[in-house]
Amino acid sequence: MYLLEAYVTNASLNVNRPFTYLSNEEVEVFCRVKVLFHNASTQAIVTECTYTDETIDQIKERLGYEPLMILDVTDESPVISKELFDLSIWLSKTTVSPFISCLNAMLPKALKTSRSQKGPKMIECFHKYEGDFSFTKKQQEVYEQLFDGIEASKARKISVSIINKLLSMNAISSYFKEASYQSADYDLSAFQTLTEDQKKVYEQLISSDKMVSLLYGVTGSGKTEVYLHLARYYLEKGKDVLILVPEISLTPQMIHRVRQRFNDVVFYHSELSDQERYEQYKRVKNKEVRIVVGTRSSIFLPFSDLGIIIIDEEHDQSYKQDSVPCYHVKNVAIKRAIDHKAKVLLASATPSLDSYSRALKGDYQLLELKDRINHSFPKIEIIDLNKQIRNHSSYIITKPLEEEIGKCLSNHKQAIILLNRRGYSPIVKCSECSSVLMCQDCDTPLNYHKDENILKCHQCGRTYKVIDRCPVCGHKPLLYYGFGTKKAEEDLQKLFPDARIERMDRDSTYKKGAHELILKRFEQHETDILLGTQMISKGLDYPDVTLVGILNADAGLMHQDYNSAKVTFDLLMQASGRSGRSADSGKVLIQAFNPDHYAIKAVLNQDYTYFYNIEMNYRNKTSYPPYSHIIEVVLSDDNNQRALSCADFFYQQIRDLPFKIYKPFELRKSKASYHYRLLIMGKDLLNMLKETHKALNTYIGTRKHARVKIDVDPLYLE
Ligand code: ADP
Ligand code: ZN
């Protein structure tokens with residue numbers, strides 16, 4: 001008899017401990033088993049299996065209860081390594097999330113503990129036997145066309161009846177193998193010779209005794225080329241390399257550059273199908289490839305010997321998962337680097353405050369690339385929108401911007417126009433009673449989408465028919481305020497009827513592969529103006545782009561959030577970095593209502609340090625990160641009273657802790673739910689985590705109903 005310890009998969013079960021089961025056969029640790037839990041059959045993952053010669057009665061006597069027998073063993077081999085299992089325990093502790101949700105965040109769908117029935121896709125194949133068979137002429141012909149391992153679907157195309165006959169004669173037999181996704185092979189071509197500056201960075205990193213390095217390199221300074229050389233260095237040492245990027249579809253050039261140089265690369269991201277993800281996961285596990293370029297979740301791939309983890313644009317918000325477990329990829333990368341004795345390279349033109357301050361303190365090695373490869377920075381101008389409005393200029397495309405776009409087009413160059421709001425008009429308002437049309441499920445104004453002629457909630461996606469009368473007072477007409485990319489596109493096209501304009505935002509790219517097509521057309525100069533949301537601010541490197549225009553550049557500063565200046569600064573710096581990347585000198589025009597705000601001034605002077613100093617001063621005074629840690633607890637329910645009383649209950653558990661504790665605060669209603677937020681702020685993160693776990697366990701123990709979401713060091717607080 002074997003005694004098993006197994007973690008039960010049950011999303012509603014917030015229990016971070018294994019349960020004991022019995023098995024007649026030995027089960028390998030980290031395989032999944034089918035078990036009964038509360039009378040329902042469910043999956044569990046085995047973490048211990050010990051032989052015992054006790055009888056059931058003796059076991060019962062010793063434990064005080066009789067463990068259940070497992071129903072079945074799901075896997076033949078472990079679904080996860082010891083390292084990754086320990087990582088999921090660590091993740092559960094540091095993000096205050098259920099262990100099972102951490103484990104599932106790490107595995108591709110086909111291996112998730114809850115999904116055993118939907119395993120990897122299997123293909124039926126035929127095994128062909130040699131021998132003396134008494135065939136008819138027809139059968140002989142078909143038999144000869146078959147080869148060992150032929151896919152059954154292909155064989156049956158020749159003749160179903162004869163294939164069936166051959167099967168019954170045992171001339172062939174059928175078996176199933178896992179479908180495999182063939183990835184293309186690419187030629188190895190020359191690496192660019194590193195410049196003196198790049199070489200220095202490269203050498204400093206590989207000879208450093210610090211585990212983590214931060215490369216602060218301005219846009220166009222050749223960071224990507226350094227990554228590729230470092231990748232080669234670690235591959236030659238027989239190590240694995242992981243390059244993390246914010247979003248694969250927005251970085252086609254980076255992919256191209258990696259493919260040019262390395263024969264076999266795994267690209268791991270959310271646009272892959274479940275089957276493709278599983279295939280790539282397996283290839284990493286089987287050590288078939290040693291270099292991966294991927295988005296956030298690639299940090300959990302089963303590498304066996306990591307040499308370096310490179311995080312490109314390390315400040316990017318996509319590196320934080322905003323659903324449970326709310327982990328930050330940087331923390332996971334550092335944890336894995338410790339386990340693998342590997343290096344972590346964080347890189348950005350606008351490093352996160354946390355990373356840069358650690359680098360200044362000497363916790364991380366600080367590496368710098370201060371100059372662009374082409375030694376030329378774009379010329380930046382700020383356009384004061386208040387002045388433009390006083391002069392009766394449009395505040396969507398102002399006169400100065402219009403002139404620059406005209407010049408750019410007549411020089412046969414390209415322009416990028418950034419507006420970080422999609423749709424047509426973000427506000428529809430009654431001219432009589434001033435009521436704003438709102439989503440019924442969220443406290444969010446409805447956006448007017450002109451091409452579909454609907455009103456859309458950008459919070460939850462719910463759509464509404466356009467109405468012409470105010471639902472409150474019955475007055476008409478309704479007024480449309482503000483503008484999004486669709487409206488800007490319309491205006492641009494009116495100003496430049498001959499220009500080829502393309503729009504890139506969530507509405508124009510919801511189809512798979514749409515990003516790539518839009519960027520390809522722009523790259524081949526089939527488009528003159530690319531207009532879009534933050535999607536177009538990242539990573540693009542097109543030599544013909546000599547103008548970047550930023551509309552409503554400071555809209556993000558209106559958000560009452562501690563991080564909004566940094567987010568705005570990053571966006572504007574990234575976007576302006578798209579201009580003048582080749583021999584042609586570039587220009588950037590920034591339209592803003594607050595031209596004197598330090599974030600805008602810092603962009604004007606391309607001065608990260610100026611921004612950093614002012615922002616850190618503010619964070620210090622207000623005790624916001626990186627001067628403190630925040631644990632955010634949000635309680636949600638579709639019943640407002642229940643959400644509030646649960647939040648109050650939770651608050652009672654934490655109110656006397658020696659940290660700064662914020663009372664329940666009502667957030668905007670969203671997706672038909674009410675949300676209350678509690679905050680725990682302090683410097684001692686370890687103790688904050690410990691106390692939050694305690695409070696959470698008490699909360700769960702009392703079987704309260706409201707859903708809890710915990711986010712450690714959230715990137716924004718709304
Ligand atoms: P970043 O990642 O810092 O924005 P990139 O690596 O994209 O910078 O480099 C900017 C441009 O300079 C690219 O077009 C790239 O091909 C080119 N480049 C980078 N390093 C070199 C080099 N050592 N020699 C020649 N061109 C280079
Ligand atoms: Zn909504």
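Predicted model: local features only at pLDDT ≥ 70, side-chain atom pairs only at ≥ 80, totals over all residues.
In this note, helices (H or I, at least four residues) and strands (E, at least two) are DSSP runs, numbered from the N terminus.

1. **The shell around the ligand.** A friendly place to start is ligand 1, which is surrounded by 16 residues. The closest of them are T193, Q198, K223, T224 and D541. Sorted by class, this shell has 8 polar, 5 charged and 3 nonpolar residues. Helix α8, which runs over residues 223–236, gives the most to the shell, with 3 residues.

2. **Polar atoms facing the ligand.** An oxygen atom of ligand 1 is 2.6 Å from an N or O atom in the side chain of D541. The side chain of T224 also has an N or O atom 2.7 Å from an oxygen atom of ligand 1. With T193 the backbone takes part: one of its polar backbone atoms is 2.7 Å from a nitrogen atom of ligand 1. As for cover, ligand 1 taken alone exposes 560 Å², and the protein buries 79% of that.

3. **An open sheet of 6 strands.** Moving on to a sheet, the strand order is β5-β2-β1-β4-β3-β6, and the pairing is mixed. At the edges stand β5 (68–69) and β6 (72–73); each has a single partner strand, so one side of each is left without a neighbour in the sheet.

4. **The β3–β4 pair and its loop.** Inside that order, β3 (residues 32–37) and β4 (residues 40–51) pair in the antiparallel sense over 6 bridges. One bridge to look for links F37 with A40, its partner in β4. The loop between β3 and β4 holds N39. This residue has a positive phi of about 70 degrees, although it is not a glycine. N39 counts as exposed, because its relative accessibility is 77% and the cut-off for exposed is over 50%.

5. You will find K341 in the loop between α11 (329–340) and β15 (343–348). Its relative accessibility of 76% makes K341 count as exposed. As background, most residues other than glycine have a negative phi.

6. **What lies under helix α9?** Helix α9 covers residues 252–261, and its buried residues are Q253, M254, I255, V258 and R261. The cover over these buried residues includes helices α8 and α16 (514–523), together with strands β11 (240–244), β12 (266–268), β13 (291–294) and β14 (306–312).

7. Beyond residues up to four places away in sequence, K566 touches H315, T350, P351, S352, L353, F611 and R619. Its side chain has a polar atom 3.1 Å from the backbone oxygen of T350. The side chains of K566 and D570 are joined by a polar contact of 2.7 Å. For a sense of scale, K566 and C31 are 45 Å apart in space, C-alpha to C-alpha, and 535 residues apart in sequence.

8. **Q574 in the helix α17.** Helix α17 (residues 564–576) also holds Q574. Q574 counts as buried, at 5% relative accessibility. Neighbours within four places in sequence aside, Q574 is in contact with T219, E313, H315, A349, T350 and S537.

9. **Two cis peptide bonds.** Most peptide bonds are trans. The bond from K476 to P477 is cis, with omega near 10 degrees. The bond that joins P625 and P626 is cis too, with omega about 5 degrees.

10. **The loop around P625.** Both P625 and P626 sit in the loop between α19 (608–622) and β28 (629–637). P625 is buried, with a relative accessible area of 13%. Apart from its neighbours within four places in sequence, P625 is in contact with Y562, R619 and I630.

Note on methods: Residues numbered from 1 in each chain as written. Chains lettered and ligands numbered in written order. Heavy atoms only, no water. Near = heavy atom within 4 Å. Polar contact = N/O pair within 3.5 Å; in protein donor to acceptor, adjacent residues only side chain to side chain. Areas by Shrake-Rupley, 256 points an atom, 1.4 Å probe, with all protein chains shown as cover. Nonpolar A, V, L, I, M, F, W, Y, C, P; charged D, E, K, R; others polar. Pairing = 2+ DSSP bridges. Buried < 20%, exposed > 50% of the residue type's maximum accessible area, 1.4 Å probe, protein only. Contact = heavy atoms within 4.5 Å.
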